[in-house]
Amino acid sequence: MFWTRLASGIVLLAVIIGAFFAGSTVMFFLSAVLAMIGLYEIYKVHKIEKEIIGYAGYAAALIYIICAWFAFEQWAMLALSAGFLLLMCVYVFSFPKYKASQIAYAVFGVLYVPVLMMFMFQIRRMEDGLLLIPLVFISAWGNDTCAYCVGMLIGKHKMSPKLSPKKSVEGFIGGVIGAALLGALYGWFLSMTYGHVSIGLYALMCGAAGMFSVVGDLTASAVKRDFGIKDYGKLIPGHGGVMDRFDSILFTAPVVYFIALYWLV
């Protein structure tokens, strides 16, 4: 299992790094594919992945993804509204086939996965997107690694015992600080290469995003606990599904995007 997990992790990392350098178009398609697979995994948990309401959710996600490609700032709200109206049409005209809870979950899936996942593409298409996009992963996976190490060494106070018994307050703090330090180290490296990078801002972005990465991880865990499943899928050997590997990325991407948007302009 360890070697399978390691090998698939290396392949996944290589694909992601390759997408970084390939440009915003490749990042768009990678983000879109991950978003649709993740949405399928979420819908499968609620058993609506092959229902009409599920297909309506896929259509709503595609509307949003297409609008994100052409003009995110101008069309994002229109895309979300159109997707919501589509889901409501299915609900009304198929009534009483679907319960309100299923409709709510279908809407939740679109907001949770495609909307948040596409922020990776939005970051990559920024002027300094190639430099900024690694922060999404540094803050998520760096926070996770540092939190694990600190928690194993000095973790005593449980942060969310019912949801994730192994997570500690000490691990949470260590993870956030570790993510910030990794962001600062990455910023320092870029400042030596490019000379115009704010080390403090990169540390801030990774620290702030690191805090939300924990929320992303716990959100995915909460859904799995609610429905009594271990993994969302088996797409990535040793890791599970897209939602098992990118749960924290969904939350770090928008944080990095908005900090970069309003602080680097």
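**Basis.** I worked from a predicted model, in which local features need pLDDT of at least 70, side-chain atom pairs count only at pLDDT 80 or more, and totals for chains, interfaces and linings use all residues. Residues are numbered from 1 along each chain as its sequence is written, and side-chain values use heavy atoms, without hydrogens and water.

**Salt bridges.** I searched the whole structure and found four salt bridges (a side-chain nitrogen of Lys or Arg within 4 Å of a carboxyl oxygen of Asp or Glu).

I looked up Lys224 and Asp244, whose side chains meet in a salt bridge at 3.1 Å, N to O. Lys224 lies in helix α8 (residues 199-227) and Asp244 in helix α9 (residues 242-246), so the pair ties together parts 20 residues apart in sequence; helices here are DSSP runs (H or I, at least four residues), numbered from the N terminus. I noted Lys224 as buried, with a relative accessible area of 15%, and Asp244 as buried at 14% (buried is under 20% relative accessible area, exposed over 50%, partly exposed in between, with a 1.4 Å probe and protein chains only).

I next checked Glu51 and Lys97, where the closest N and O atoms are 4.0 Å apart. Glu51 sits in the loop between α2 (24-45) and α3 (52-93), and Lys97 in the loop between α3 and α4 (100-117), 46 residues apart. Glu51 is partly exposed at 30%, and Lys97 is partly exposed at 49%.

I also recorded the salt bridge of Asp231 with Lys230, at 3.7 Å from N to O. Asp231 is partly exposed at 34%, whereas Lys230 is exposed at 68%.

Key
Helices (H or I, at least four residues) and strands (E, at least two) are DSSP runs, numbered from the N terminus.
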